[in-house]
Amino acid sequence: LTHPDPRYEPSGLSLIHAGRQLRAYGLLSGLEGNLSLRLPNGDVMITATGVRKDRLTPADLIILSPAGEQTHGLGKPSSELALHLALYSAEQTVSAIIHTHPPIATAFAVARRVPVAGILAESAALLGGVALVPYHEPGSGHLGQSAGEALQSARAQLLAGHGAVTVGVNIQDALVRMELLEKLCEIQLSADILGGAKSLTSDEVEALRNPRAKLN
Ligand SMILES: [Zn+2]
């Protein structure tokens, strides 16, 4: 089935599905969180504000030009629209963004502590690093600017005193990073109680990023 409204196309359905998954994985509660995609024509599709992201319908998806002008959808775009637009503008390879407040990752964000991605092979390979973005008022242009700068070094970010952001080439890519970020924070916390996590060596991390290096 096809529908002329682009919100019904696969892009929109992938956002609706990801919202349900975030809730099912314990990464989302209440009305919090926002998800977006950069569409093939450069427009941005983002979830509306004030709706549950685990019960999204096509009517809850808003489409805007890259400059932020609303072209589809009657609702009001997410209050974190400026954050999403700043991240897309900072990095052309990013096509999907998830912002939410997962419990353990947000505990790190409010403690202003960064988990060490290099303690686990999977997070070392997929997250690379985790950035801590300084506190700015949620929804502000300053928050977007700081997050855009941090994106140069990390695909997963903790927003100080607030929550977490992950980006990807599509929404499932960003979702896997959000799951992994929460898991990494959980494991770092438990390992701290057990006397502290030991990081992989830089050679071990390099081998994970470039499996062929092992053969040389
Ligand atoms: Zn938030």
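Q: What share of the 216 residues in the chain is buried, and how is that word defined?
A: Buried residues account for 48% of the 216 residues. Buried means under 20% relative accessible area, exposed over 50%, and partly exposed in between (1.4 Å probe, protein chains only). This is a predicted model, in which local features need pLDDT of at least 70 and side-chain atom pairs count only at pLDDT 80 or more, while totals for chains, interfaces and linings use all residues. Residues are numbered from 1 along each chain as its sequence is written, and side-chain values use heavy atoms, with hydrogens and water left out.

Q: Why is His162 called buried?
A: His162 has a relative accessible area of 12%, and the limit for buried is under 20%. His162 is therefore buried.

Q: Why does His101 count as partly exposed?
A: The relative accessibility of His101 is 26%, so His101 counts as partly exposed.

Q: What makes His99, His101 and His162 donors of the zinc ion?
A: Donors are N, O and S atoms within 2.8 Å of the metal (3.2 Å for Na, K and Ca); water is not among the atoms, so sites may look incomplete. The NE2 atoms of His99, His101 and His162 coordinate the zinc ion at 2.1 Å.

Q: How do you know that the chain agrees with a compact globule?
A: A compact globule of 216 residues would have a radius of gyration near 17 Å, and the chain has 17 Å, so the two agree. The radius is taken over C-alpha atoms, and the globule rule is 2.2 Å times the number of residues to the power 0.38.
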